[in-house]
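Colleague: I am new to this one. Could you take me through the terms, one by one?
Modeller: Gladly. Ask how each one is reached.

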Amino acid sequence: MKVVYPICCGIDVHKTFLVATIIKTTNAIEPSYSKKRFSTFNNAILQLKQWLLENNCHDVCMESTGKYWVPIYNLLEDVIAVTIANPKWVRAVKGNKDDVKDSKWIGDLFRLGIVPGSFIPEKNIRILREYTRYRAKLVSCKSSEKNRFQNAFTVCNVALDAVVSDMFGKSASSITDYLITSDTFDPETCTSFLKRSLKKKSDAVIESIQGYQMTRDQKDRMIMVKAHLDFVENSISELDHKLDQMMAPHEHLIALLSTIPGVKRSSAITIISEIGTDMTQFSSSKRLCSWAGLTPGNNESAGKKKSVRITRAGVYLKPALVQCAHAAVKSRDLPYYRIKYERIFKRRGKKRAIVAIARMILTAIYHMLTTGESFNPCDLYKIDMPQEMKDQQKSKAIKQAFKLLISSGYLTSDVQNHSAIS
């Protein structure tokens, strides 16, 4: 095999130490190895950096072990090309491995250029990614607290959620606050909290509450849950304000992605934080979709296809795109993706159809960020086609069908002329 990196280094990273092996390939058949162990403290990492430069080594490979590779990457990326490899590509054989052998194995594979590197965006995008991923966790926590708060009323014989559509609307929130802060229940006071169309359901609301059983300890717990929910909502608001400040240089990209049906501002920010702004990192839109985990697997042996499920990659990007896909297929103003979804789910089912729409959206994003053009797919005319053009295409298709039937001997030319006259 051809040697791609004559001088390179393989690093086996752990929490408190790392083992580095520099491999030098000269005209000799056997390469030379230099092994050294360093601590993961900053001064030791700088010593590693100096040791690499002294040996004229500017290409390094290490596996993505948790977050332990990040401090090393931060201190080496300015002058050294660091390749972060997925552990499945550099995993050694069990039973014949230790820290020194692992670093040598990583270096040997990297030297021959058979280790694909992971996509690591620039630092400002990595920082933005930390914020958007933290926001996703807070939104998940908010949903959990809402479910916890609603279930607390259910176990206390309050069936208000069966009457109102939103337990956290203005009327329902006033009623729940009244129930957990008051020691008595007054139906008239409860009815006074109802707003707009919910006034018509006043009898059902009172009936769903009367006879409830709620102790003081249960009320205290509900107050704690409600306080934590308010805290999480305030944290999300502060986080959104911070994200707006960080995304100020990329406002034109947010406006660009917002032209896609189903993609709103928060989704655009999440997508940019995950894939960055430079699409040259990906050779094509297919590579980007594969990296995001939206491409069917290729698993075939002995002429038989096995599982073709999509991969588990794109833990944060994939849910955001699927959410955009659900919004896009429900859009009535821009029915482009809705029509495509309806064609696909009849053959492949709803879940596969949504994944297909998510991949279409990501493909559009790739080309939009590459060219800077707004959303305008090449087959959009088929969706938003004027009625005159539809009639023209229909008549053209009928003529072609007649020609096919006549050439096959099923019809005569007289039938076609009669149909044209009529």
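Colleague: How do you know that the span of α13 agrees with its 13 residues?
Modeller: Helix α13 covers residues 317-329, and 13 residues at 1.5 Å a residue should span 18 Å. The expected span is 1.5 Å times one less than the number of residues. The end C-alpha atoms of α13 are 19 Å apart, which agrees. A helix here is a DSSP run of H or I with at least four residues; a strand is a run of E with at least two, and both are numbered from the N terminus.

Colleague: What are the buried residues of α13?
Modeller: They are L317, K318, A320, L321, C324, A325, A328 and V329. Seen down the axis of α13, these buried residues fall within an arc of 165 degrees, so they line one face of the helix. The arc is that of the directions from the helix axis to the C-beta atoms. Buried means under 20% relative accessible area, exposed over 50%, and partly exposed in between (1.4 Å probe, protein chains only).

Colleague: What do the buried residues of α13 pack against?
Modeller: Against α11 (265-275), α12 (285-291), α14 (336-348) and α15 (350-371). Contact means heavy atoms within 4.5 Å.

Colleague: Before we go on, what kind of model is this?
Modeller: It is a predicted model, where local features need pLDDT of at least 70 and side-chain atom pairs count only at pLDDT 80 or more, while totals for chains, interfaces and linings use all residues. Residues are numbered from 1 along each chain as its sequence is written, and side-chain values use heavy atoms, with hydrogens and water left out.

Colleague: What makes the protein more spread out than a compact globule?
Modeller: The protein has 18 helices and seven strands. Its radius of gyration is 31 Å, well over the 22 Å that the globule rule gives for 422 residues, so the protein is more spread out than a compact globule. The radius is taken over C-alpha atoms; the rule is 2.2 Å times the number of residues to the power 0.38. Along the principal axes, the C-alpha atoms fill a box of roughly 90 × 90 × 45 Å. Of the 422 residues, 38% count as buried.

Colleague: Which residues touch the most other members of the largest nonpolar core?
Modeller: L257, I260, I275, L321, Y337, I361 and I365, out of 43 residues in that core. Its largest share, 11 residues, comes from α15. A nonpolar core is a set of buried Ala, Val, Leu, Ile, Met, Phe, Trp, Tyr and Cys residues joined through side-chain atoms within 4.5 Å. A second, separate core has 24 residues, including C156, V158, Y178 and I206.

Colleague: Why is K226 called buried?
Modeller: Its relative accessible area is 18%, so K226 counts as buried. K226 is found in helix α9 (residues 216-246). Leaving aside neighbours within four places in sequence, K226 is in contact with F149 and D177.

Colleague: Why is N56 called partly exposed, and why is R196 called exposed?
Modeller: N56 has a relative accessible area of 47%, so it is partly exposed. R196 has 77%, so R196 is exposed. N56 sits in the loop between α1 (42-54) and β4 (59-63). R196 sits in the loop between α7 (187-192) and α8 (202-209).

Colleague: What is phi in N56 and in R196?
Modeller: Phi of N56 is near 55 degrees. Phi of R196 is near 50 degrees. Most residues other than glycine have a negative phi.
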